[in-house]
Each structure stands twice: as structure tokens, then as C-alpha cells.
Amino acid sequence: MLDNIIEKVLVPEEEIAEIVARLADEINADYSSEDKNLVIVSVLKGAMPFTTDLMKQLNVPLELECVRVSSYGNSTESSGKICMKLDFDRPDFDKCDFLVVEDIVDSGNTLTFLVAHLTQKGARSVKTVTLLDKPSRRKVEFDPDYCGKIIPDEFVFGYGLDLFEKYRDLPYVAVVRPEYVKEHG
Ligand code: PRP
């Protein structure tokens, strides 16, 4: 059934595991000092698989928070407007070193908004990590602190990324066949 949908597998399961291990090494090194208080902020829904896999390889004490924002006007184009659908609150923003975890950076609007949001709440520090980055799609200047893989401007899905809300459960990232998007979009 997936043969009708998938153009090609862009990031196979083994490569995702390698990327996650490399990013975890970088993050472990940067947050190892005792004065750090790492708080992971997972951006639902897309970042869920990446967040859980990454967290399993982090060896520093950490806490987990989740947010949900809506960034897309429709399935393929960002509206530029960010609406916070799930937020969290805590009394100790000034003692927290937040790491926002994303599956993909596209226009840059979501992470620009979230970094500003956490900073405005008084965060001690805010950094970002993304599994995938599409720099060619930027609408605002934004550079993630940790980046798994730069990819071309193709409609990708799987490993958290949805295709019309489905297939987030795939263990790899694939490119959709353009005909499928035309028929179902
Ligand atoms: C996607 C993705 C990022 C965001 C990136 O989420 O998971 O959060 O868009 O796009 P941007 O850089 O243009 O802001 P989406 O809004 O589709 O929600 P989802 O994670 O629930 O699928």
C-alpha cells in the first residue's frame, strides 16, 4: 500500500539512529555541568518520536515539558501566524535551561516564536534541536543550535511527520509521490 505513496525513503531508520546518537553526544557534552538544569520542550505532535528516542540517549538529569502550536495555514504552506494550543507554566523559568525539540524546521516561524515565548517568560537559556532542517524554505532567519540533517524542499513524512495526519508512526522519513498529494491534498 505504501508503494503508491512513497517516492523514496529519504532518511532510513539506521540513519535516524546515527543522527540521534550524534545529537545526544553533543547535547550530553553541553549540558553535563552540575549547574545546568535541562528542561526538554517537545513540540507536539511531530517531535514525539524524535523526543523519546533522543531522551533515551541523554545521560544528564532532565525534565520534560510539551507544547503544541499551530503553524500551518494548510497542509503544505505556513500561514506565518503561530497559535499556542498547549502551553506549560512553572515557577522557576529563571533556573531552567530549555532545549526545544523539533522534528523539522521549515519557515522558521515555530521555533522563532517558541524561543521568544520562553525567553519572555524568563528562561535562563533556550536552545533548539531539530532532526531535519529545510533552510531553503525559511521565511524568517533562524538557525537551530543542533541540527540532524539538512534536506531539500520535498514533502516528507514519517517518524513523527504527518501526511494528512497519518503515517507519523513510520520508523523512517520518506518523500511522498507528488501524484498522491495532487489526488488527496
Ligand atoms: C510542523 C513541524 C514543526 C513546524 C515547522 O508542525 O512539526 O513544528 O511545522 O514549520 P515552521 O518552521 O514553518 O514553523 P505542524 O504545525 O505541522 O504540527 P504537527 O507537529 O502537529 O504536525
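Tutor: Helices here are DSSP runs of H or I, at least four residues, and strands are DSSP runs of E, at least two, numbered from the N terminus. The model is predicted: local features need pLDDT of at least 70, side-chain atom pairs count only at pLDDT 80 or more, and totals for chains, interfaces and linings use all residues. Residues are numbered from 1 along each chain as its sequence is written, and side-chain values use heavy atoms, with hydrogens and water left out.

Student: Where is Glu165 found?

Tutor: Glu165 sits in the loop between strand E8 (156–157) and strand E9 (173–176). Tyr167 is in the loop between E8 and E9 too.

Student: Why is Glu165 called partly exposed?

Tutor: Buried means under 20% relative accessible area, exposed over 50%, and partly exposed in between (1.4 Å probe, protein chains only). Glu165 has 46%, so it is partly exposed.

Student: What makes Tyr167 count as buried?

Tutor: Its relative accessibility is 15%, so Tyr167 counts as buried.

Student: What is the phi of Glu165, and what is that of Tyr167?

Tutor: Glu165 has a phi near 75 degrees, positive in a residue other than glycine. Tyr167 is not a glycine either, and its phi is about 70 degrees, also positive. Most residues other than glycine have a negative phi, and most peptide bonds are trans.

Student: Which residues does a cis peptide bond join?

Tutor: Leu44 and Lys45, with omega about 0 degrees. Lys45 lies in the loop between strand E2 (38–44) and H2.

Student: Which residues of H2 are buried?

Tutor: In helix H2 (residues 48–56), they are Phe50, Thr51 and Leu54. Viewed down the axis of H2, the buried residues fall within an arc of 100 degrees, so they line one face of the helix. That arc is taken from the directions from the helix axis to the C-beta atoms.

Student: How do you know that the span of helix H3 agrees with what it should be?

Tutor: The expected span is 1.5 Å times one less than the number of residues. Helix H3 (residues 109–120) has 12 residues and should span 16 Å; its end C-alpha atoms are 16 Å apart, so the two agree.

Student: Why is Asn109 called buried?

Tutor: Asn109 is in helix H3. Its relative accessibility is 11%, so Asn109 counts as buried.

Student: What makes the pair of Asn109 and Ser107 side chains a polar contact?

Tutor: A polar contact is a pair of N or O atoms within 3.5 Å; within protein, one must be able to donate a hydrogen and the other to accept it, and residues adjacent in sequence count only if both atoms are side-chain atoms. The Asn109 and Ser107 side chains make such a contact at 3.0 Å. Asp106 and Arg137 do likewise through their side chains, at 2.7 Å.

Student: Where is Asp106 found, and why does it count as buried?

Tutor: Asp106 is in the loop between E5 and H3. Its relative accessibility is 9%, so Asp106 is buried.

Student: Which residues come nearest the ligand?

Tutor: A residue is near a molecule or strand if one of its heavy atoms lies within 4 Å of it. Of the 16 residues around the ligand, Glu102, Asp103, Ser107, Gly108 and Thr110 come nearest.

Student: How far is an N or O atom in the side chain of Ser107 from an oxygen atom of the ligand?

Tutor: 2.5 Å for Ser107. A polar side-chain atom of Thr110 is 2.5 Å from a ligand oxygen. For the Arg168 side chain, the distance from an N or O atom to a ligand oxygen is 3.0 Å.
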